[in-house]
Every structure is written in structure tokens, then in C-alpha cells.
Amino acid sequence: MPKKKNARKSVKKTQRKQSRTAKPVALYHDMAVYENFERCAPRIFEIIWAAQQKAPDAPRLLYFDVQGHRNSAGGYDRDSLEMITHFLPEEALPYLTELHTPLHGWKNTARQDNHVPREMGIGYPEGEEKSFWYDIESLPLRKREAEGGDRRTRPSKGAIMEYLGIGDECLICWNSPVHRAHVVPTSLGGSMDVRNFALLCPEHHKQAPDIADAEAFWAWVDYAEMRDSGSKWTRAPEKVKSWVLSTGGRIEPIDRSGMNFLDSVQFELRHLYGWTEEDFTATSWEFLSEYHHVLEKATGRHFGVEKKPSTHAWAYHVARLRLAAGRASRQTRTDFNLPR
């Protein structure tokens, strides 16, 4: 028995020594304008977990940056500030050696915890949860900016680029030229504030949803960026393409030209909103009535496109939530299940 105990001590001592001498791993995450708190936070833990798998027990240094996410005073908005001042130092730092953000930097005064959870559940303070979700009961305008301002004309591309922290390129596929695309169309109450604009290529502008919920628009951009990730590398040098392929990525877009309108709607319902076969078969006249009510009250026509799968998919999803909420005390929570 004493020999086994000493052997265990020796293994632990060796592990601690390896941890101290291992080459540090630098991690980087840029909180994109389309990432809100509940989409960004779990991804941080995915990054830390993956680093632990690739370089077990090596010191981890996380560098965190932010695109957009500004309030009316020019400071960080609620989602990004929650990440910087609370989530990262309180929840992520224990699994890191160092943390660097635009506002603060921290060193872990304790030993880095290498038992990294695979996933991190996100909860909200009691009484505040409603404010994080679209109110499916009243179908209101939900914009990201608290105050839209008095602008009557669109901001310049340069101003939008500065806010988004990107160049003159599409947020989704990195192609150009780009359009100044409204997040919430003016026909639905959207403002001319710089925070109500995205830069999208003509093709993705045609695809983007015309809806009253700004956060659902950004969730769609997030989804489309992952769906069309191969589009980013079509003009890249062959060396870059080879590297992308070696990491398991795609270097060309998925061909969806054969999809008709309903197939495209179904694709988005499955991959963005997490619909199952049961959801598709549970249709009724009551459901169709809810769907058309959502279409009429909270969606619009924009950019000359009569039928956008993204707009109709959102209306179908909100209609299903409204119907389910009516059967369960009108709950107002709306989840977006983005593909991994």
C-alpha cells in the first residue's frame, strides 16, 4: 500500500511539473456583432475545452476582443459588458492562466483548473430573463439600440465598418461589394442608427430576414456565417485553402441551387431553430392562423424580395412558440439553436 501511495504522489508531481514547463497556449475570441451573450459564452468554453484536449494542462492565455456592441454613449452594450466584467473573470478565468480583454487583464492567482466542462449552461438573474428574449405574445419591435436617434439618412459605409470592426466586406462570406443592410427594416420601425445596420453582399442581403426582432436577425447572420463558411476561401491562395482543408474546413460554398422555397424554409427551421420531425408533423389550422398573424404583424418586405425563406422560417418558429406558450401559461422564452 505505501508503494502505491508514493506512486500516486509521483504521478501528481510529474503532472504538476509538466504543467509548469509546457508551452503556453494562446487562445483568441472576437465577440462578433452577431454574437450576443448567450451565443458567445458557451463558445468560450468550447475553445478552452478544445485547448485542454489538444495541449493537456498547458497554461492557457485567452485574448478576448469585441466587434460592435456599443451603446448610445459609445461604451460597451449590456451583452459585451456582461462578458468582460462578469462572465470571463468569474466563470472562465479559473480555467485559464491569464485573461486579457479590452478593459481589463487578469492573472489567475490560483492554479489553473484543467477539469474543463464540455459545455456551459447559461442562466439569467431572476426577474431579468424576460428581457433577454423576444416577447412572442405582443410581437413588438426589438432593436439592439436603446435609443434610435434622429437620423433620417443611412450612415456611411465607413461609419458602419468602424462600428462593426471589419473592412468593406460581407459579414457572412467576406466578399465585396457590400450593401448597407438594415437589421430591422424601417417599415417595421427600424432606425437609421449605425447599430441597426449590417454589411452584406448582394446575395446575402437578398437572403437576410425582414423581421421585427434584431437579435433574431443577428442569430440568422451567425447561422449563415457558419452555413456558408466555405464561401470565405474561394479567392484565397492555394496554401490557405490547403490549411483550411487540413483543419476540417470547407473551401467552397454548399450548393443549394436545387432547393425550392419550402425546402429552403425547412432547412432553416431544422438548422437554425432546431425543429424535429415531430414539429413538422404537428400542423393545424390553428398553427397556420398563428403563422399568418406573425407574418402580418412582425415581418415585412425589404430589398424587393417577395418571399425570403429566412423571414418565413422565423414566422413559422415564432408561431409554434406562440401556440406552445398558449398551452403552457404563455411563456415568452425563445431559443435559437445554432449549428455547431
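This is a dialogue on how to read some features of the structure above.

Colleague: Before we start, what kind of model is this, and how are its residues numbered?

Modeller: It is a predicted model, where local features need pLDDT of at least 70, side-chain atom pairs count only at pLDDT 80 or more, and totals for chains, interfaces and linings use all residues. Residues are numbered from 1 along each chain as its sequence is written, and side-chain values use heavy atoms, with hydrogens and water left out.

Colleague: Let's begin with helices. How many residues does α10 have, and what span should they cover?

Modeller: The general idea comes in two parts. Helices (H or I, at least four residues) and strands (E, at least two) are DSSP runs, numbered from the N terminus. The expected span of a helix is 1.5 Å times one less than its number of residues. Here, α10 covers residues 285–298, and its 14 residues should span 20 Å. Its end C-alpha atoms are 20 Å apart, which agrees.

Colleague: Which residues of α10 are buried?

Modeller: Buried means under 20% relative accessible area, exposed over 50%, and partly exposed in between, with a 1.4 Å probe and protein chains only. In α10 the buried residues are F287, E290, Y291, V294, L295 and A298. Seen down the helix axis, the buried residues of α10 fall within an arc of 140 degrees, so they line one face of the helix. That arc is taken from the directions from the helix axis to the C-beta atoms. On the other side of α10, W285 and E296 are exposed.

Colleague: And α11: how many of its residues are buried?

Modeller: In α11, 14 of the 18 residues are buried, so this helix is largely enclosed by the rest of the structure. As for length, the 18 residues of α11 should span 26 Å, and its end C-alpha atoms are 26 Å apart, which agrees.

Colleague: What about backbone geometry: which residues does a cis peptide bond join?

Modeller: The bond is between S176 and P177, with omega of about 10 degrees. P177 sits in the loop between α4 and β5. That loop also holds W174, which has a positive phi of about 70 degrees although it is not a glycine. W174 is partly exposed, at 36% relative accessible area. L139, also not a glycine, has a positive phi of about 50 degrees; it lies in the loop between β4 (105–107) and α4 and is buried at 4% relative accessibility.

Colleague: Where is Y134, and is it buried or exposed?

Modeller: Y134 is in the loop between β4 and α4, and at 2% relative accessibility it counts as buried. A polar atom of the Y134 side chain lies 2.7 Å from the backbone oxygen of P140. For polar contacts, look for a pair of N or O atoms within 3.5 Å; within protein, one must be able to donate a hydrogen and the other to accept it, and residues adjacent in sequence count only if both atoms are side-chain atoms.

Colleague: How far is Y134 from D213, in sequence and in space?

Modeller: They are 79 residues apart in sequence and 6.9 Å apart in space, C-alpha to C-alpha. For K232 and W174, the separation is 58 residues in sequence and 5.6 Å in space, again C-alpha to C-alpha. K232 is in the loop between α6 and α7 (238–246) and is buried at 15% relative accessibility.
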